[in-house]
Amino acid sequence: MDANLFYRLESQMPIATLTNSIPSDRKIDQFVPPYGYLSSIDAFPSFDENVINYSTNQRSQKPSNLICKLVLIGDVAVGKSCLATRLCHNTFDRNYKATIGVDFEVEKFLILGVPMSLQIWDTAGQERFKCIAAAYYRGAHVIIAVFDMNDLDTLKSAERWINEALKTIATDNPLIYLVGSKRDLITDDKVYAKIDQTARITAKRVNAEFWSVSSLTGHQVQEFFKRIACVSYQMLVKQQLNSSNTSIEKLTAKTQLAVSLNSNNYITKQQSKENCCST
Ligand SMILES: Nc1nc2c(ncn2[C@@H]2O[C@H](COP(=O)(O)OP(=O)(O)OP(=O)(O)O)[C@@H](O)[C@H]2O)c(=O)[nH]1
């Protein structure tokens with residue numbers, strides 16, 4: 001179904017029907033912490049008071065159509081599609097099937113009682129599809145750069161992928177996540193600690209939050225996307241509140257201007273009348 005039609009139909013649903021259709025493991029009432037406090041540039045420890053008030057108001061109204069666009073980027077075969085599949089279908093495929101251009105999934109969350117759709121754009125890592133995939137970066141709120149923890153060259157590439165995406169994304173301050181995949185393949189704790197440390201340094205350099213996951217075992221996958229859902233919900237709601245404040249401010253400024261213009265006009269007319277009468 002065409003994505004726009006889907007959202008139009010959904011926005012006409014009663015809120016109870018919509019919220020009941022969201023599974024309980026997609027309902028979030030507590031802010032999800034980062035993978036480790038040291039791995040995040042901003043810990044976002046809790047929901048902001050304004051965001052909680054907004055959510056309470058929203059629950060009593062028709063649901064607003066909050067949509068968070070997310071792009072998965074990174075080298076060939078680092079595990080982007082498996083990550084999306086683990087989240088959306090809770091399955092894992094050992095057979096590698098290259099993504100052709102881009103794939104699309106939607107996952108619904110209910111955050112503080114308000115529905116939000118996570119649009120997941122899974123892009124191809126193959127060089128020949130880069131142009132097609134990059135066309136889908138525009139307007140993304142979240143960038144997830146995936147690298148294979150067993151191949152540190154893909155970590156260097158992840159940094160390049162992020163910098164390239166930032167040039168075309170055209171969104172103010174998108175949230176950036178650096179994700180080490182295939183955690184299950186590293187059994188030596190010392191080896192893991194070294195990779196983890198290197199990844200955190202890279203993450204800091206690119207203003208990203210670092211996570212380490214395994215799509216094979218499902219390790220940290222659900223937590224990771226719940227974390228994204230919380231942080232992006234908070235960001236989108238704050239943006240909405242700021243823009244409505246700005247329009248109220250603009251409206252107030254316009255009204256004041258109109259009042260002052262009118263009163264000036266009135267004074268001028270009065271004065272001219274007075275002048276006229278006095279002659
Ligand atoms: N052991 C293990 N293998 C994984 C994991 N995630 C992905 N793989 C394997 O890695 C290979 C590539 O995974 P994909 O998810 O298709 O990789 P991709 O990044 O989407 O690749 P492109 O579509 O070419 O960009 C597949 O054979 C997967 O089975 C994981 O967590 N653990």
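These legends accompany close-up views of a predicted model with its ligand.

View 1. Welcome to the ligand site: the ligand sits in the largest pocket. Around the ligand are 22 residues, and the closest of them are Lys80, Tyr96, Thr99, Gly125 and Asp184. Sorted by class, this shell holds ten nonpolar, six polar and six charged residues.

**View 2. Backbone atoms facing the ligand's oxygen atoms.** At Arg94, a polar backbone atom is 2.9 Å from an oxygen atom of the ligand. Leu216 also takes part through its backbone, with an N or O atom 3.3 Å from a ligand oxygen. On its own the ligand has 660 Å² of accessible area, and the protein covers 93% of it.

View 3. Look for Arg26 in the loop that runs between helix H2 (15-20) and strand E1. Is Arg26 buried or exposed? Arg26 counts as buried because its relative accessible area is 3%, below the 20% cut-off. The side chain of Arg26 reaches the backbone oxygen of Leu87, at a distance of 3.0 Å.

View 4. Pro33 has its place in the loop between strand E1 (27-28) and helix H3 (49-59). With a relative accessible area of 40%, Pro33 is partly exposed. Which distances separate Pro33 from Val231 in sequence and in space? The two are 198 residues apart in sequence, while their C-alpha atoms are 9.5 Å apart.

**View 5. Asn173, with a positive phi.** This view shows the loop between helix H6 (153-168) and strand E6 (175-181), which is where Asn173 is found. Most residues other than glycine have a negative phi. Asn173 has a positive phi, near 40°. Asn173 is classed as exposed because its relative accessible area, 66%, is over the 50% cut-off.

View 6. Lys182 lies in the loop between E6 and helix H7 (189-205). What is the phi of Lys182 near? The value is near 60°, again positive in a residue other than glycine. Its relative accessibility is 25%, so Lys182 counts as partly exposed.

How values were computed:
Residues are numbered from 1 along each chain as its sequence is written. This is a predicted model: local features need pLDDT of at least 70, side-chain atom pairs count only at pLDDT 80 or more; totals for chains, interfaces and linings use all residues. Side-chain values use heavy atoms; hydrogens and water are left out. A residue is near a molecule or strand if one of its heavy atoms lies within 4 Å of it. A polar contact is a pair of N or O atoms within 3.5 Å; within protein, one must be able to donate a hydrogen and the other to accept it, and residues adjacent in sequence count only if both atoms are side-chain atoms. Accessible areas come from the Shrake-Rupley method with a 1.4 Å probe; for residues, only the protein chains shown count as cover. On a 1 Å grid over the protein atoms alone, a cavity is a set of points where a 1.4 Å probe fits but cannot get out, and a pocket is an open set with protein on both sides within 12 Å along at least five of seven lines; lining residues have an atom within 4 Å of a point. A molecule sits in a cavity or pocket if more than half of its atoms lie within 2 Å of its grid points. Ala, Val, Leu, Ile, Met, Phe, Trp, Tyr, Cys and Pro count as nonpolar, Asp, Glu, Lys and Arg as charged, and the others, Gly among them, as polar. Helices (H or I, at least four residues) and strands (E, at least two) are DSSP runs, numbered from the N terminus. Buried means under 20% relative accessible area, exposed over 50%, partly exposed in between (1.4 Å probe, protein chains only).
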